[in-house]
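Reader: Please show me the model. I would like to go through its sheet and its ligand site.

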Amino acid sequence: MTAAAPILEVQGVSKRFGKFVALNDVSASFQPGKLSAIIGPNGAGKSTFFNVVSGAFPPSSGRLKFKGHDITGLAQHEFARIGIAKSFQITNVFKQLSAHENVRVAVQMRHARYQLFKPRAGMAEVDDRAHALLQRVGLAAHARRPAADLAHGQQRALEVAMALAAEPELLLMDEPTAGMSPEETVVMMDLITALAAERSVILVEHKMKLVMGICERLLVLHHGEFLAEGTPADIKANADVRRVYLGQG
Ligand SMILES: Nc1ncnc2c1ncn2[C@@H]1O[C@H](COP(=O)(O)OP(=O)(O)OP(=O)(O)O)[C@@H](O)[C@H]1O
């Protein structure tokens with residue numbers, strides 16, 4: 001049996017900030033349709049990794065490949081166009097707009113770029129698509145509420161709906177449960193599990209316990225390098241990982 005071609009390949013990527021090396025020659029390959037997590041203690045380089053693979057900034061050296069094509073140095077909006085979407089640790093929603101309006105803007109941005117709909121007929125389709133996306137993330141009942149009035153967990157879900165508007169094949173999520181209550185965390189983890197059944201998802205997460213139960217594969221960053229990778233069981237049993245996480249939540 002031959003393995004599927006990777007959806008994302010990170011090849012010898014380094015990221016330097018001045019003399020400081022935040023990522024040091026990291027390589028990893030992600031198979032399509034899987035839920036993976038990059039974990040690691042504070043300052044390990046997780047956000048830097050997320051920013052590099054989502055196109056927020058180019059690597060200092062090394063290559064990125066998406067479905068076999070070299071995407072190193074591509075502009076950020078090009079990442080969305082080819083099928084890579086991201087949702088951030090800090091919510092990026094327009095607070096005064098309703099939940100539905102926020103998602104509608106995201107849908108319109110995608111369709112304006114491709115002129116998928118005819119101008120007149122388009123609005124109803126855009127509205128419907130926005131409603132479907134709100135439903136997908138469990139916010140259908142809150143469609144008319146201003147984003148500012150939504151609970152933190154709901155705002156994060158709204159942002160996920162906006163990321164999904166790009167119809168990504170690969171969804172990148174930076175600490176998707178940051179700042180959430182335990183109840184909101186459960187809802188978000190269920191949503192991530194459901195989304196991962198439909199596309200490839202890579203999470204960046206500080207809390208190892210959180211991802212143990214839902215991810216097929218974990219990669220552990222430490223001091224800008226991969227310390228270990230494997231199934232949750234492999235990682236749990238790994239002495240090096242236990243050592244770097246010792247005393248951390
Ligand atoms: N723009 C920058 N300029 C200089 N140094 C940076 C910059 N961004 C990150 N760093 C440094 O790179 C290292 C890795 O940071 P990064 O934010 O990627 O780690 P992290 O694993 O996401 O940490 P945390 O879990 O605390 O968010 C840190 O030492 C940080 O100070």
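This is a predicted model: local features need pLDDT of at least 70, side-chain atom pairs count only at pLDDT 80 or more; totals for chains, interfaces and linings use all residues.

Reader: Which strands stand at the edges of the open sheet of six strands?

Author: Helices (H or I, at least four residues) and strands (E, at least two) are DSSP runs, numbered from the N terminus. Two strands pair if DSSP finds at least two bridges between them. The order is β6-β7-β8-β3-β9-β10, with mixed pairing.

Reader: What is the bridge partner of I84 in β7?

Author: β6 and β7 (residues 170-174) run parallel, joined over four bridges. Within β7, I84 is bridged to L170.

Reader: Which element gives the largest share of the shell around the ligand?

Author: The shell (C-beta atom, placed from the backbone, within 6 Å of the ligand) includes F17, N42, K46 and H206. Two or more residues come from each of β2 (20-30) and α1 (46-53). The largest share, three residues, is from α1.

Reader: How many residues of the shell are charged?

Author: Ala, Val, Leu, Ile, Met, Phe, Trp, Tyr, Cys and Pro count as nonpolar, Asp, Glu, Lys and Arg as charged, and the others, Gly among them, as polar. The shell has four nonpolar residues and seven polar. The charged count is one.

Technical notes
Residues are numbered from 1 along each chain as its sequence is written.
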